[in-house]
Amino acid sequence: MSFTNALGRGLAALLAGVSLAGISTSSQAEADFSGKTVEFVIPFAESGGSARWANFFAPLLSEALPGKPTVVVRYRPGAGSTKGANWFQRQTTDDGTVIFGSSGSTQFPYLLNDPRVKYEYNDWQVVLASGVGGVAYLPPDIARKFDGDANDLKDIEFIWGSQGATRLDLVANLAWKMLGMNVQPVFGVEGRGAGRLMFERGEANIDYQTSPAYLKSVVPMVEAGRAVPMMTWGGLDEDGNIVRDPTFPDIPTFKEVCEATEGCETSGTAWEAWKAFFIAGFPAQKMVFLPQTASEDVVAAYEKAFKDIIARPDFKEISSVTLGVYPQMTGTAADKAKKLATNVPAEAKTYVVDWLETDYGVSLK
Amino acid sequence: MELVATALPALGEALSLIFQPAQLGFLLIGVLLGLSVGVFPGLGGIAGLSLVLPFMFGMDPVSGLALMVGLIAVVPTSDTFASVLLGIPGSTASQATVLDGFPLARKGEAARALSAAFVSSLFGGLLGASVLTFFILIARPLVLAFGLPEMLMITLLGLSMVAVLAGRIALKGIVAAGLGLMVGTVGEAGAGGSLRMSTYDVPYLIDGFSLVIVGLGIFAIPEIVALLRQDRAISRTGGLGKGWLHGLKDWLSNFWLSVRCSLIGVTVGVIPGLGGSVVDWIAYGATVQTSKDKSQFGKGDIRGVIGPESSNNAKEGGGLVPTLIFGIPGSGSMAVFLGGLALLGYDAGPHMVRYELDLTYTIVWSLALANVIGAGLCIVLSGQIAKLTTIRFTLVAPFLFMVIAFAAFQSRQSLGDLVSLMAIGVIGIFLRRFDWSRPAFLIGFVLSHQAENFSNMANQIAGAKFRQSFEAGIQYIASPIVLIILTLTVLSVVIGIRQSKHILGNGHPVHGGKKAPIVFLLCVTGYLLAAFFNAASISLVSDKIFPLTIGAVSLAGCLALLVRMMLSPETDPVFTDYERGGEDGQAPHGLWATLAWFGFLLLLSALFGFIIALTVFFLAFLRIRAAVSWLTTFILTTAAIAFICLLGGLLGRDFPPGLLQSYVNLPWPLT
């Protein structure tokens, strides 16, 4: 019986976690979270990739932090995640009871100097950076016209639910534009989960999800014949080349599809801009932050907790199912990832700002 | 047949898992915890969950599940206490219960109202679970049939209940709802993030007002102040009339009403994205419209309790469908539930219903069983708890001020919570005084966000479909479901407007002088004008179109009211002012002096922090206003402080700090 198996698995995981936490608490005496409730705030609704990512780490964090606080995930969606990020900027707790999980959708408006951004990444202290991928998918009837290039998709009118022009969805919008596809974004959905539901209802006929959400919610749809993967955004190798996504080695990358499609170039300004925003948005997409006011020992406790989580013997196994196979970075690696995620070359920025203005009438002043 | 073949074995498996002594024990603990937390307005699922999470580690998943489900299932049950006894809507699930439940308590029939409410909840929960057992296997296509236009229509159906609840002057009800909608848009817009009626200099406003605070301000504060001015018990007679057995009989004689409203609850709960906030209003509206004698609604008709209460627990069951099938929570407590499931190592989603049907049924039926235990306990207790309504209210009031201030503070943990509670409380007091429909205001506020979001997105998609072809566009916006709900909405508006005069009229209109009602109308108009021009200055169309439209409609309503006021004599019901006579006008204590006591508590909190403020407030209030002996004063004050510290300590919550705390470091609970 699948349920009884699941019971055994869950119990084993819990026991493993408890014993591990027992070891790790003894060495950390400084910050103590006994009896506290940590709010892990994400600026999205309950059903997207960020929610899944946060809910994966919340219980692990609860075990790994000294004093085993209760960690609850709280959702503060709105304005494609800037609402929640603006809220976090105003937090002044120093005891580590509020942490914030940002995503590419939070980084992009910041990079583009969106006037509604009132948060400053330099103020926040990063304690974890997670790489993530993304997969675009189509309904089966349209997927029949897709054979590795987008040449036959150019006459189709696509609709998709997007969080906003300056959010992470920018990578998808630009990719579709470069492929010559006619995609009409419907702005204002709260999180990619709502976008997926629009796809399931047939209101949208194209969508993409970040890896955690794809693994959980789209793979069953693919198995049931209700969706077909189109392409991934790819992964980044050591030398900065775009290669196949390690979690989805069988799905072609956007780069491959672009090369095969007439009129799509993998060089030049458009490509460079796309690549720059892809690098800012995906290889270090999801980060955990403490507010500027958090004290040093709290930051140290969190860094150690995340290191312990990643060092768990079963981490690879449990994380690959939920998050996919991507690097999880702490300490200086996380700092580096944060820099990568919050900087893009000036040319790429100019190109994107112009394009947003002409195609969507979004002025960033 | 195939359906039954898959469902039955899994159901058997699930039931054998639930009915084991250990699981039942944990379920019971969960229920007891949930009841204790749910009694307090503003403390819901998250507070309750943080109470059980520490115990959850090292517990086997089925027991953990039982504990969590037990807790979450009964939070919407126990908040009925506050709604009925005190007129405080504990959560979105029990807003409509206030309308008739509280007047019943004032008649001395609190026990009757409570037991009718709980038996309705119980039945709704069971019916919901039975329907779900089979429905969950085939629900997917039906749930997917509800696109954005359909959800928008349901939201409008909810808004159309304003017509039923508009009160004596329909126009006032419409403006009140418009005002609620406009207050709901304050803060950063959901679509583009533009600011509306707020600035970055006042960070509190950017996030908008929370429902808990608006609910407390609009309903609880005006009622508490009005009661306090009378200086007697909540029950007008001071005694208890019809008891809890009578409530059970009431439910039995309205059995089909209960069935109908439970089905409404399941159906609306099933649709993801609606959040369940419309359910009880739709159920209330349906109850009123299908009743022959409507004269008692709003004055204490037991059917007004049975309807919404049957629907709200059924909704929790319905909410499991989107939660389990799509991993998208159907309500706030379901969002918490999802988090808890993840903690136990389960992921809700399509695979769960397909491959772990036994687990799914364990959840569905644990929820139902928890409902039965919780509601059963509440029925037994209701006779005793109803005695609260016979205590001299002046002794109860300081505790209530304490609890609502604490509850309001949970929403943002900032002093701004207390300030906005006071501000909205003042609006609530005026709405009550001049006979503007407070339910209409609240419905507007609750539905503002989703009405804006759904209409924005549905409009964009419809635009794209119309560009494809006219046919595609029409098919999209005029689907059969949309047309059915549209018909219902129109019917409900027409019937509602025709009959609203008889509903919610509390006693005879009292009037005296034109000035006060006109000044209040001008204030409302002024705010609406300001909000309108503020919205007009936003550059993003997606962020301004909704407040502009609603603002224009409400302003037109204001203008029409103003014209009517100019033309009518002073005795026209449009000039109703309850300060000029009747129960309020003849109250022994003044309105502002009474409200000032609450203001005093807030001011003290701002200066010295909550706990010190409470101590001073209790001593002063009990000695001066209640005029009880020093001994009683000390006993009650100590009890209050001990209680709130225990509550805060157990839930790991801080108390509002004041100016003092920013200079001096004090130990908990004084922080």
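Predicted model: local features only at pLDDT ≥ 70, side-chain atom pairs only at ≥ 80, totals over all residues.
**Figure 1. Domain 1 and domain 2 of chain B have centres 30 Å apart, taken over C-alpha atoms.** Domain 1 covers 2-559, and domain 2 covers 591-663. Where they touch, domain 1 of chain B puts in 21 residues and domain 2 of chain B puts in 24 residues. On the domain 1 side, four elements of chain B give two or more residues each: α3 (45-56), α10 (211-230), α18 (393-412) and α19 (415-433). The biggest giver on that side is α18(B), with ten residues.

**Figure 2. Chain B as a whole has 29 helices and two strands.** Step back for a moment and look at how chain B is put together. Its C-alpha atoms fill a box of roughly 70 × 65 × 55 Å along the principal axes. Why does a radius of gyration of 25 Å agree with a compact globule? Because a compact globule of 671 residues would come out near 26 Å, the 25 Å of chain B fits that picture. Of the 671 residues in chain B, 59% are buried. Now take the contacts in chain B with a separation of 6 or more: 81% of them join residues 24 or more positions apart.

**Figure 3. In chain A, six strands line up in an open sheet.** Reading across, the order is β2-β1-β3-β12-β4-β13 (chain A), and the pairing is mixed. At the edges sit β2 (70-75) and β13 (328-329) of chain A, each pairing on one side only. Helix α2 (residues 49-64) of chain A packs on this sheet, touching β1 (37-42), β2, β3, β4 (125-130) and β12 of chain A. The direction of α2 in chain A makes about 165 degrees with that of β2(A). Zoom in on β3 (residues 98-102) and β12 (residues 286-290) of chain A, and you'll find an antiparallel pair with three bridges. Which residue of β12(A) is the bridge partner of G101(A)? That's V288(A).

**Figure 4. Chain A also has an open sheet of three strands, with antiparallel pairing.** The order here is β8-β5-β9 (chain A). Strands β8 (207-210) and β9 (228-232) of chain A are the edges, each with pairing on one side only. On average, neighbouring strands of this sheet are turned by 35 degrees against each other, direction ignored. Helix α8 (residues 211-223) of chain A packs on the sheet and touches β5, β8 and β9 of chain A. Its direction makes about 130 degrees with that of β8(A).

Figure 5. Let's follow the partners: G134(A) has T210(A) in β8(A) as its bridge partner, and V135(A) stands opposite Q209(A). Are the residues of β8(A) named here, D207(A), Y208(A), Q209(A) and T210(A), buried or exposed? They're all buried. D207(A) and Q209(A) point one way from the strand, while Y208(A) and T210(A) point the other way.

**Figure 6. A right-handed β-α-β unit in chain A is made of β6(A), helix α6 (residues 170-178) and β7(A).** Here the strands pair in the parallel sense: β6 (residues 157-162) and β7 (residues 182-187) of chain A share six bridges.

Note on methods: Residues numbered from 1 in each chain as written. Chains lettered and ligands numbered in written order. Rg over C-alpha atoms; globule rule 2.2 N^0.38 Å. Buried ≥ 20, exposed ≤ 12 C-beta atoms within 10 Å, placed from the backbone. Contact = placed C-beta atoms within 7 Å. Pairing = 2+ DSSP bridges. Axes fitted to C-alpha atoms, helices over the stretch in contact; angles between N-to-C directions. Right-handed = clockwise from strand over helix to strand, strands pointing away. Domains from an automatic or database assignment.
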